[in-house]
Amino acid sequence: MSTAQGRPLLVRAMLDPAHCNGLSLQQWDLLVRQARRANLLAALGGRLRAQGLNVSVPARVWLHFESALLLAARQSASVQAEVRLIGKALAELATPVVLLKGAAYLLSGHAASAGRLFSDIDILVMRPRIAEVETALMVHGWDFAELDDYDQRYYRRWMHELPPMHHTRRGTALDVHHTILPPTAKTRVNTAALFEDLVALPGLAPLHVLSPEAMLLHSATHLLHEGEMDHGLRDLFDLDAQLRGLGGAAMDWQRLLDRARALGLARVLYLALRYTRVLLGTPMPEPLLLALQAVAPGRLAKAALDFAYTRGLRPQHASCTLPGSGLALSGLYVRSHWLRMPAHLLAYHLGRKALHHLRTDKTEPA
Amino acid sequence: MKLGEVSAGELRHRLSLDGLTLAMPPFVVRIRSDVASLADDLALMYGEFALHAADDFCDFHVEVMHARGLRRWFKPLAEFSSDGARSFVPLPAQQCYTMLEWGLNWCVAAHAHQYLLIHAAVIERGGQAVILPAPPGSGKSTLCAGLVHRGWRLLSDELALLDMDSGLVHGMARPVNLKNGSIAAIRDFVPEAILTAPVPNTNKGTVALMQAPADAARRVREPAAPAWIVLPSYRAGAAAELQPMEKAESFMAIAEQSFNYDVHGALGFQALGRLVDRCATYRFEYSSLAEAAAIFDGLGA
């Protein structure tokens, strides 16, 4: 397992921005590369600025942070406006519309939203209402990208979301979920329980966010089921911010544990806590960790997961590669699919994708 | 030290190892490549540009590397990456230099929001700049390539970097991208122009790059004050003609060609407003470069 000394420059800088004092130009160069690859350039810039350290960043370097911060600020303003339009489009259905991930952090004023870059907005609605939601969105200008029949069926039959939507005039992207993991996934999520303790966003009906505990559990679920680790470290820092927001070592851990059990996400929580603590040193209550020991994976599985995540959750930049990183990333990719669906479906889906890939490769102009 | 002072072998060697740290003011770029032909194109196009120390801060780290796999031995492909992240589809290796130029444009457009970025050519004379914003196919690059051999200084063929505080425009004096018929047009009009070998079958047709005149490369750090906005359009057989254009229409044309006008919000809107206010604005139709040069000679007279 990695130690504080083995932490990449970016992780050290994020955890303690004062670490950046006195970096050489060459180190700054590396830090900007790592931060950009991890999608954390604006977040780090925000942390430097919050501590007044931006004045000691060399001017040429600070331009990069400033540029990323500007983009992040513009995007958060756009997301603020866009979620209001989504709320308006769905208000008449009188069903809660739950913002997930980035939009949820932003609208609930969470620390994890600082300096965040968005690619889309994710919402969660109750499954029985999803057809009405789809219709209402289409009436208000959202539409699907061209998908072939297979992909349409794949989304509608096996996935936990509609195919990706976009607004035809504004070009904004929207993912509509009815639960947080595919119904075929090995982790069974108690979706109904997710809706039990929603938090309404004042003045923005029907928009809601998950309770702080459920939000954290969703972030953990997302991180631990993701197969491509380009945003892995960013998502780990999201968890770190949420755990600290809940009070770190002083949090009401019983409540978090109860919610994890009720939702069927206790093992996911165990793993999420394990890697935030090991990789970021996030403070958390000992009794919570002890209570979760019961759901820890076996020794071999744990060793394999440790191997994969201590590598996969480093910045995806050549300077952070460890022996075995390539293996770890392929392992996490396969694992994510393995977790998502039973073996026979997986074989069919991946076979189909590979075939499709070959075909498109052939038609590419050479 | 200038890039042109490094021997071809040394250049190739450096490109394949730690990379070449090249000044493209206002940026510094680290370029790595294992495609041997890239060194020759860089030497031809950037000979006058300064090399920086290997440990200097670089704004962009770009690579053009052979794609891995068996295919390398019969139909080699090259891939562009920036900060180690691959982008764009791999292209045949003989297109690697044009891919590098497009990739560099992308790096600036995606990351350099300290400027208001406009897709436009910029040329200057007597301290006053003409901004030529235009969509592809308008004959902007051809016009720009011709005029920079007729008394105008090249700032940029693709990217105008507007400093919103000073109102000045920076360019990078990078090579001019010529497509299809423009290549022969420029060879006819400026026989002394230095061009790369044309690369056929790119997704923009046949492409060649033209070296920035030596004076433009030497003065690359000098920004210029915009005085004219001219929307060019090439029409076969048309007599060259400059026609005044409404300010509001010019504003919209420039906004449409800006990569990050929306990122800057109200400040971007105001900066574009000031730019359009200070400039005389025209439409310009042409087919002959000689006629075009004569009309541009009369600008401001």
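Predicted model: local features only at pLDDT ≥ 70, side-chain atom pairs only at ≥ 80, totals over all residues.
Axes here are lines fitted to C-alpha atoms, for helices over the stretch in contact, and angles run from 0 to 180 degrees between N-to-C directions.

**View 1. Helices H7 and H8 of chain B pack against each other at an angle of about 130°.** Here we zoom in on H7(B), residues 247–256, and H8(B), residues 265–278, whose axes are 10 Å apart. Angles from 65 to 115 degrees would count as roughly perpendicular and those over 145 as roughly antiparallel, so H7(B) and H8(B) are called oblique to each other. As for handedness, H7(B) passes H8(B) in a right-handed crossing. To find the place where the two helices meet, look on H7(B) for Lys247(B), Ser250(B), Phe251(B), Ile254(B) and Ala255(B); on H8(B), their partners are Leu272(B), Gly273(B) and Val276(B). Sort the residues of this contact by class and you get five nonpolar, two polar and one charged.

**View 2. Helices H1 and H2 of chain B form another packed pair, at an angle of about 120°.** H1(B) covers residues 8–16 and H2(B) covers residues 36–46, and their axes lie 9 Å apart. That angle makes H1(B) oblique to H2(B). The crossing of H1(B) and H2(B) is right-handed. From H1(B), the residues that take part are Ala8(B), Leu11(B), Arg12(B) and Leu15(B). Facing them from H2(B) are Ala36(B), Leu38(B), Ala39(B), Asp40(B), Leu42(B) and Ala43(B). What classes do the residues in the contact of H1(B) with H2(B) belong to? Eight are nonpolar, none are polar and two are charged.

**View 3. Chain A meets chain B through 21 residues of its own and 17 residues of chain B.** Two helices of chain A, H2 (25–37) and H4 (59–90), each supply at least two residues of the side that touches chain B. Which helix gives the most to that side of chain A? The answer is H4(A), with nine residues. By class, the residues on the chain A side split into nine nonpolar, four polar and eight charged.

**View 4. Chain A on its own has 16 helices and seven strands.** Stepping back for a moment, its C-alpha trace spans about 60 × 55 × 45 Å along the principal axes. The radius of gyration of chain A is 21 Å, which agrees with the value near 21 Å for a compact globule because that is what 366 residues would give. Of those 366 residues, 40% count as buried. Now take the contacts in chain A between residues at least 6 apart in sequence: 68% of them join residues at least 24 apart.

View 5. Pro206(A) is in the loop between strand E6 (199–200) and strand E7 (207–209) of chain A. You'll find Pro26(B) in the loop between strand E1 (20–24) and strand E2 (27–33) of chain B.

**View 6. Ala94(A) has a positive phi, and so does Lys101(A).** Phi of Ala94(A) is near 50°, and this residue is not a glycine. Ala94(A) belongs to the loop between H4 and strand E1 (97–100) of chain A. Lys101(A), also not a glycine, has a phi of about 50°, but this residue lies in helix H5 (residues 101–107) of chain A. Buried or exposed: which is Ala94(A)? Ala94(A) counts as exposed because it has 9 C-beta neighbours inside 10 Å. Lys101(A), on the other hand, is buried, because 22 other C-beta atoms lie within 10 Å.

**View 7. Tyr150(A) is part of helix H7 (residues 149–158) of chain A.** Tyr150(A) counts as exposed because it has 12 C-beta neighbours inside 10 Å, and a residue is exposed if that number is 12 or fewer.

Conventions. Residues numbered from 1 in each chain as written. Chains lettered and ligands numbered in written order. Helix = DSSP H or I, 4+ residues; strand = E, 2+ residues; numbered from the N terminus. Rg over C-alpha atoms; globule rule 2.2 N^0.38 Å. Buried ≥ 20, exposed ≤ 12 C-beta atoms within 10 Å, placed from the backbone. Contact = placed C-beta atoms within 7 Å. Parallel < 35°, antiparallel > 145°, perpendicular 65-115°, else oblique. Left-handed = near helix turned anticlockwise from the far one by under 90°. Nonpolar A, V, L, I, M, F, W, Y, C, P; charged D, E, K, R; others polar.
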